[in-house]
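Reader: I would like to learn how to read a protein structure, one feature at a time. Could you take me through this one slowly?

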Amino acid sequence: MLIAGFPAGAWGTNCYVVAPAAGEECVIIDPGHQAAQGVEETLKKHRLKPVAVVLTHGHIDHVASVVPVCGAHDVPAWIHPEDRYMMSDPEKALGRSIGMPLMGELTIGEPDDVRELSDGAGLKLAGLDFTVAHAPGHTKGSVTFRMPEQADIPSVFFSGDLLFAGSIGRTDLPGGSHAEMLESLARVCLPLDDSTVVLSGHGPQTTIGRERVTNPYLREVAAGLGADTTAAPRRGM
């Protein structure tokens, strides 16, 4: 399996391109601010053909390049229905202006083909299997994507802004909820095998096993307690 990731734009949001191997079809995850060039360079380097864009949530730092990427390759974008409005109205999603200079670099709106994700859905795209889990807390429509273990390759978990190395996503923006975040961590993350590789929306990769031991939020959830909101800085837009 081939997974190529790179941080993009003003917020350093991780965009991932996933394929069975070089020279095959692929899926693009979270093409955010200024990600289009990096996507094209990755496609060219590995001789890949996109079949879909899938989105962990609707914040502009994760969706800003959806329209140009989908348009360039005539592919659909998948997003949870509760976050769909954010593609057309990013400032409402943040509860504040994101700034006129930055706005000038964005293509606001939906691509021609938008499809909606649901909890527990199985997506078969580009010869790959993704299991969707609805994981509200950062936003109402946040989701994660999990790929199953294959031979000697561990399961891969695209956590979006639910779980980071050493931290979790912020919950103070419109649609955010600390209580829902803790419930999502308990329901979605804790049952995963320790060997599961976590590829998050910001920062370095980690594993569920490492986070179970070192992440203060996941440790507190595992103990059945509410996490201390001052335990570690939280990321995401």
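Predicted model: local features only at pLDDT ≥ 70, side-chain atom pairs only at ≥ 80, totals over all residues.

Reader: How many helices and strands does the protein chain have, and what percentage of its residues count as buried?

Author: The protein chain has eight helices and 14 strands, and of its 237 residues 53% count as buried.

Reader: How should I read a nonpolar core, and which residues touch the most other members of the largest one?

Author: The general idea is that in soluble globular proteins nonpolar side chains tend to be buried together. Here the largest nonpolar core has 28 residues, and those that touch the most other members are Ile28, Val39, Leu48, Val53, Leu55, Val66 and Met87. At least two residues of this core come from each of several elements, among them strand E1 (2-8), strand E2 (13-19), strand E3 (25-29) and helix H1 (36-46). The element that gives the most to this core is E1, with four residues. There is also a second, separate core of 22 residues, which includes Val18, Ala52, Ala121 and Val132.

Reader: Which residues of H1 are buried, and which exposed residues does the face turned away from them carry?

Author: When reading a helix, look at where its buried residues point. In H1 the buried residues are Gly38, Val39, Thr42, Leu43 and His46. Because they cover an arc of only 135 degrees around the axis, they lie on the same side of H1. The face turned away from that buried side carries the exposed residues Gln37, Lys44 and Lys45. The cover over the buried residues of H1 includes E1, E2, E3, strand E4 (49-54) and H3. Just after H1, Arg47 takes a positive phi of about 55 degrees.

Reader: What span should helix H6 have, and how far apart are its end C-alpha atoms?

Author: At 1.5 Å a residue, the twelve residues of helix H6 (residues 178-189) should span 16 Å, and the end C-alpha atoms are 16 Å apart, which agrees. The buried residues of H6 are Met181, Leu182, Ser184, Leu185, Val188 and Cys189. Seen down the axis of H6, these buried residues fall within an arc of 160 degrees, and so they line one face of the helix.

Reader: How many disulfides does the structure hold?

Author: The structure holds zero disulfides. Cys15, for example, is in none, since the nearest cysteine sulfur, that of Cys26, is 9.9 Å away, whereas a disulfide needs sulfur atoms within 2.5 Å. Cys15 is itself buried, with a relative accessible area of 0%.

Reader: How many aromatic pairs are there, and why is the pair of Phe130 and Phe145 edge-to-face?

Author: The count comes to two aromatic pairs. The rings of Phe130 and Phe145 have their centres 6.4 Å apart and their planes at 85 degrees, so this pair is edge-to-face, given that planes over 60 degrees apart count as such. The pair links distant parts of the chain, with Phe130 in strand E8 (residues 128-134) and Phe145 in strand E9, 15 residues apart. Phe130 counts as buried at 2% relative accessibility, and Phe145 is buried with a relative accessible area of 0%.

Reader: Where is the place of Thr144, and is Thr144 buried or exposed?

Author: Thr144 has its place in strand E9 (residues 143-147), and with a relative accessible area of 1% Thr144 is buried. Leaving aside its neighbours within four places in sequence, Thr144 is in contact with several residues, including Thr131, Val132, Phe157, Leu162 and Val188.

Note on methods. Residues numbered from 1 in each chain as written. Heavy atoms only, no water. Buried < 20%, exposed > 50% of the residue type's maximum accessible area, 1.4 Å probe, protein only. Contact = heavy atoms within 4.5 Å. Core = buried A, V, L, I, M, F, W, Y, C linked by side-chain atoms within 4.5 Å. Arc of directions from axis to C-beta. Phe/Tyr/Trp six-rings, centres within 6.5 Å; stacked < 30°, edge-to-face > 60°. Expected span 1.5 Å × (residues − 1).
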